[in-house]
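Dear colleague,

Please find below the structure that I am handing over to you, with its sequence. My notes on it follow directly after.

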Amino acid sequence: MMISCTSLSHKITLLAFHPDDGDVFFFSRSNNDNNVEEDVEFFQCRMVGKNHNQIETLLHLPRRVLGRRTNSKVERERTLLSFIPKQGQIGRWAWIGLLAAELWFGFYWILTQSHRWNQLYRNTFKDKLSQRFDDSELPCVDIFVCTADPTIEPPLMVINTVLSVMSYDYPSEKLSVYLSDDGASDLTFYALIEASNFAKHWIPYCKKYQIEPRSPAAYFKSNISSSSSSFIKDSHDQARAFVIIKEIYEEMATRIEKVTKWGQLSEEDKSKHNAFTFSHWDSSWSRSNHHTILQIIIDGREQNGKDVGGCTLPTLVYLAREKRPQFHHNFKAGAMNALIRVSSEISNGEIILNVDCDMYTNNSQSIKDALCFLLDEEQGHEIAYVQFPQKFENVTKNDLYGNDLRTISSVEFHGLDGYGGPLYIGSGCFHRRDVLSGRKFGTEFEKEEKKENRERESVRELEEKAKELASCSCEKNSLWGKEKGLKYGCPVEDVITGLSIQSQGWKSVYCNPTRPAFLGVAPTSLDQVLVQHKRWSEGDLLIMLSKYSPAWYAYNKISLGLQLGYSAYCLWAPNCLATLYYSFIPSLYLLNATPLFPKVSSPWIIPFVYVIFAKYTYSLVEFLWSGGTVLGWWNEQRIWLYKRTTSYLFAFIDTILNLLGVTNSAFVITAKVTDEDVSERFEKEIMEFGTTSPMFTILAVLATINLFCFIGVAKEVVVGKDIARVFETMSMQILLCGVLILINLPLYNGLFLRKDKGKMPSSLTVKSVAFALFVCTSFTFMY
Ligand SMILES: O=c1ccn([C@@H]2O[C@H](COP(=O)(O)OP(=O)(O)O[C@H]3O[C@H](CO)[C@@H](O)[C@H](O)[C@H]3O)[C@@H](O)[C@H]2O)c(=O)[nH]1
Ligand SMILES: [Mn+2]
């Protein structure tokens with residue numbers, strides 16, 4: 001039925017009438033038929049009221065005809081207001097949800113600004129340190145290396161880290177290195193003994209030729225790749241020494257790799273080191289149920305504590321703390337607290353450095369860098385810890401997984417430093433022992449004169465005494481994990497500990513020298529990256545909701561800037577909701593042609609365009625300024641999206657379950673070894689999937705939904721007659737969907753095209769395509 005009626009100002013054309021549901025569709029256009037600058041509007045109305053004598057507008061699509069010039073105020077206001085979908089109108093809730101997401105993003109953006117207002121960059125003057133302090137006046141430094149599993153943290157890698165910290169450019173008698181082995185593995189123990197022998201050659205070599213880096217593996221690798229290595233030209237003597245030391249290293253590495261591969265030690269291996277006790281690893285031994293194993297492998301006071309040149313070696317201790325099923329071991333925090341206690345008995349160094357077993361020291365001067373702050377006459381007494389950034393040896397040029405956390409380490413932590421100091425992030429941090437053991441700011445700590453006692457004790461006696469301190473019962477009814485040492489119950493034990501230290505009035509320092517101080521091994525597959533971030537964001541959210549929340553506990557204790565800065569990290573996880581919403585709802589609504597963003601011609605598009613343009617230009621410039629590449633930035637946007645839609649989502653859910661007491665958070669250790677073909681793909685920056693994981697299913701479903709939506713709208717454009725209207729009203733949505741597709745290209749490749757082992761498993765592809773299809777079709781039918 002087609003009728004036409006004329007009102008005073010508008011000519012209305014009725015297009016269709018549904019007798020069943022009472023819906024009426026009509027056009028309205030200005031009476032002036034000759035005027036091409038008119039508005040043509042499309043209405044969907046419903047007759048309501050008792051006698052169907054009232055009309056309720058369900059849908060109103062104003063459409064501007066080409067060449068239109070008039071734009072009166074009234075008209076403009078009407079267009080803007082009519083954009084909010086009315087009660088009962090399609091897209092109303094989607095629109096309100098988007099508004100909520102935008103408000104969240106706005107709020108979160110404000111938090112992140114605290115990282116950028118007040119940046120502080122620091123420099124050290126190590127020459128002044130040596131002028132002011134003799135070697136004998138320097139403080140003792142205890143270095144803790146943590147390892148937890150010989151299969152994913154290979155002993156050869158662990159001892160390279162140990163050797164690198166043993167050869168710091170620092171008086172050896174003032175250095176003690178402790179290896180905490182939560183895997184309690186005889187293979188790691190064996191490797192450490194081998195390393196202690198090798199150290200007798202390695203440390204004098206390092207000191208004589210002033211080499212860098214001092215992790216043997218990294219040093220030999222860098223000298224193979226750079227044929228221009230200066231020393232070969234410089235000195236014949238060093239060239240010869242190089243060949244000899246390399247040979248000794250390779251022999252040791254072969255022995256260690258042999259036992260690691262075999263998974264156990266032969267009697268012969270053990271008998272070569274009969275000065276040490278392997279008998280702990282008997283048939284009753286189990287990894288999660290064993291007594292403390294503590295052995296002082298090098299003691300500087302003894303004859304075996306000298307290097308080949310007769311100089312004292314650093315003290316070297318192996319510790320596998322007691323583990324019993326009935327006692328929670330509290331992961332790395334438990335290991336660190338055992339180390340704090342044990343070391344207080346053996347060396348009691350004033351300064352404690354902690355490194356993960358993969359983070360070798362890349363700069364032999366770092367201790368001195370840290371001491372420049374801690375011994376500073378004016379401000380040193382306020383500083384509790386000096387944190388170095390965590391950098392990685394294996395990051396590729398365009399950093400496919402955003403491992404480098406480039407903006408965090410080059411920009412944000414400097415911003416936090418301006419407000420009182422960075423977070424404590426675990427590896428690469430120098431602490432004052434007394435602060436870590438619970439000294440309150442502004443108080444003096446009783447200095448226990450353990451050193452003197454030590455002179456009188458034999459190594460065996462010392463071991464026995466220290467062993468007690470690593471037992472499970474030692475922490476029973478004590479303040480450890482609460483007031484003393486690292487805090488328990490949080491997967492990011494470091495951040496919560498740092499926050500509580502800062503809340504007591506202490507400051508911290510971020511030291512980011514040009515030559516990275518530590519280099520570790522970054523995860524090499526998407527799965528590992530996402531799992532690691534789940535742990536971090538879960539821990540951070542737990543802090544937000546804990547007693548130590550930066551929002552309330554820290555109020556008035558740390559500066560507002562630092563509070564906001566902490567909150568930005570602690571609220572990583574809740575970002576998942578807004579991002580998830582944004583990453584598929586607008587695309588889905590493309591399928592039924594419901595616009596959710598302002599039209600291209602509306603002035604309301606301006607804030608959107610401005611925010612998109614300003615935000616992304618700023619972030620790109622910041623990324624490039626921090627030394628990244630354009631492709632690296634693009635990769636970071638992808639990983640940002642992936643983390644937010646998976647890691648953060650799971651972290652968010654798990655935190656809630658944790659608070660409800662349903663689950664307990666765990667510490668999934670990141671693997672530091674990779675299969676050859678995986679690492680080959682990592683080098684080539686090809687995304688690694690390879691396993692089925694619920695996280696991958698989410699990513700695949702989201703990517704496929706977007707693909708279907710885009711195909712849907714593209715079809716409209718190709719076959720539909722109303723192309724102009726589609727672009728006018730839905731450009732933003734099409735743009736969003738298009739960008740999501742571009743960013744997901746490696747994922748589609750893994751889902752549909754690749755044939756190698758690192759592709760998405762076919763079962764996952766089928767499952768996610770079917771699910772995405774189901775979502776898209778049911779959405780189309782429902783609305
Ligand atoms: O029960 C455990 C679990 C882990 N670790 C050690 O903790 C370190 C960190 O573990 P890793 O799997 O490498 O975690 P990452 O996420 O890479 O570590 C970062 O994040 C952690 C907090 O989540 C910090 O503790 C680390 O210092 C920091 O580098 C490693 O040396 C492990 O050997 C233990 O000693 N005992
Ligand atoms: Mn790690």
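Predicted model: local features only at pLDDT ≥ 70, side-chain atom pairs only at ≥ 80, totals over all residues.

Residues are numbered from 1 along each chain as its sequence is written, and chains are lettered from A and ligands numbered from 1 in the order in which they are written.

Binding site

In an unreviewed entry, UniProt lists Lys-332 and Asp-356 under "binding site". The two are spread over 25 residues of sequence, yet they cluster in space, with a largest C-alpha distance of 9.7 Å. UniProt positions are given here in the numbering of this model, with feature names shortened, and the annotations may be inferred rather than shown by experiment.

Lys-332 belongs to helix α10 (residues 331–346), and Asp-356 to strand β10 (residues 351–356). Helices (H or I, at least four residues) and strands (E, at least two) are DSSP runs, numbered from the N terminus. Lys-332 counts as buried because it has 23 C-beta neighbours inside 10 Å; Asp-356 counts as buried with 25. A residue is buried if 20 or more other C-beta atoms lie within 10 Å of its own, exposed if 12 or fewer, and partly exposed in between, with C-beta atoms placed from the backbone.

Contacts are pairs of residues whose C-beta atoms, placed from the backbone, lie within 7 Å. Setting aside residues up to four places away in sequence, Lys-332 touches Cys-146, Glu-493 and Phe-667. On that basis, Asp-356 touches Cys-146, Gly-426, Ser-427 and Gly-520.

Active site

The "active site" annotation, from an unreviewed UniProt entry, covers Asp-182 and Asp-494. Asp-182 sits in the loop between β7 (175–181) and α5 (186–209). It is buried, with 24 other C-beta atoms within 10 Å. Apart from neighbours within four places in sequence, Asp-182 contacts Thr-147, Ala-148 and Ala-335.

Asp-494 is part of helix α16 (residues 493–503) and is buried, because it has 23 C-beta neighbours inside 10 Å. Beyond neighbours within four places in sequence, Asp-494 is in contact with Tyr-424, Ile-425 and Gly-426.

Helix α5

Of the 24 residues of α5, 17 are buried, so this helix is largely enclosed by the rest of the structure. After α5 comes Gln-210, which has a positive phi, near 50°.

Conventions: Contact = placed C-beta atoms within 7 Å.
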